[in-house]
Amino acid sequence: MEQRGSDKHGPRLDEQQKHEDEGLVRGGGTTHAEEWKEPEAMPSPGEESLQSSYPPGHEPGTPAGITQQGVDVRSELAKWLSDCQWPAAKDDLVRHAERVQVPDEVADMVESLPDRRYTNVAEVAKALGLGVEKRRW
């Protein structure tokens with residue numbers, strides 16, 4: 001009687017799994033052909049600061065010309081107002097804020113805006129005095 005590797009599936013699947021595991025058993029490493037499946041090596045102690053996953057000029061932090069609080073508030077405004085139909089008047093923004101049920105803090109900011117037309121969230125933030133980042137070119 002022939003001995004099978006498993007009672008859960010047939011001999012063909014047993015052979016396939018045996019073949020897939022063979023490289024792992026013999027080579028002592030993974031057998032994945034796709035690089036994206038390979039785990040990344042951990043950096044050595046002291047090497048962490050040398051590696052950067054951010055391209056130059058795109059490191060995290062607060063851009064010049066705006067505070068961290070301004071960044072956070074502007075982010076919250078963008079989260080709730082970015083899907084508004086732009087350009088938009090103050091009344092359009094107030095109606096949109098009511099329709100999407102923005103948090104009270106955002107609703108208060110929108111209602112405090114000067115009565116004029118805005119082309120994007122950046123103009124709304126500027127009108128609220130949140131500051132505008134200065135771009136380095």
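Visitor: Which residues are buried in α2?
Guide: This is a predicted model. In α2, the buried residues are Gly70, Val73, Arg74, Leu77 and Leu81.

Visitor: Why are they on the same side of α2?
Guide: These residues cover an arc of only 100° around the axis, which puts them on the same side of α2.

Visitor: And what covers the buried residues of α2?
Guide: The cover includes α3, α4 and α5.

Visitor: How many residues does α2 have, and what is its reach?
Guide: There are 14 residues in α2, and from the first C-alpha to the last it reaches 20 Å. That is close to the 20 Å expected at 1.5 Å a residue.

Visitor: Let us turn to α3. Which of its residues are buried?
Guide: Lys90, Leu93, Val94, His96 and Ala97 are buried in α3. They lie on the same side of α3, because the arc they cover around the axis is only 165°.

Visitor: What does the face turned away from the buried side carry?
Guide: That face of α3 carries Glu98 and Arg99, which are exposed.

Visitor: What covers the buried residues of α3?
Guide: Their cover includes the helices α2, α4 and α5, together with the strands β1 (88–89) and β2 (117–118).

Visitor: Which residue takes a positive phi just after α3?
Guide: Gln101 does, with a phi of about 55°.

Visitor: Now the core. How many residues has the largest nonpolar core?
Guide: It has 19 residues. Those with the most contacts inside it include Leu77, Leu81, Leu93 and Val110. At least two residues of this core come from each of α2 (68–81), α3 (90–99), α4 (104–111) and α5 (121–127). The largest share, 4 residues, is supplied by α4.

Visitor: What does Val110 touch?
Guide: Leaving aside residues up to four places away in sequence, Val110 touches Leu81, Lys90, Leu93 and Val94. Of these, Leu81 is among the buried residues of α2, while Lys90, Leu93 and Val94 are among those of α3.

Visitor: Finally, the whole chain. In what order do its elements run?
Guide: From the N terminus on, the order is α-α-β-α-α-β-α, with 5 helices and 2 strands in total.

Visitor: And how much of the chain do buried residues make up?
Guide: They make up 19% of the 137 residues. The chain exposes about 11100 Å², of which carbon and sulfur atoms supply 50%.

How values were computed:
Residues numbered from 1 in each chain as written. Predicted model: local features only at pLDDT ≥ 70, side-chain atom pairs only at ≥ 80, totals over all residues. Heavy atoms only, no water. Core = buried A, V, L, I, M, F, W, Y, C linked by side-chain atoms within 4.5 Å. Buried < 20%, exposed > 50% of the residue type's maximum accessible area, 1.4 Å probe, protein only. Contact = heavy atoms within 4.5 Å. Expected span 1.5 Å × (residues − 1). Arc of directions from axis to C-beta. Areas by Shrake-Rupley, 256 points an atom, 1.4 Å probe, with all protein chains shown as cover.
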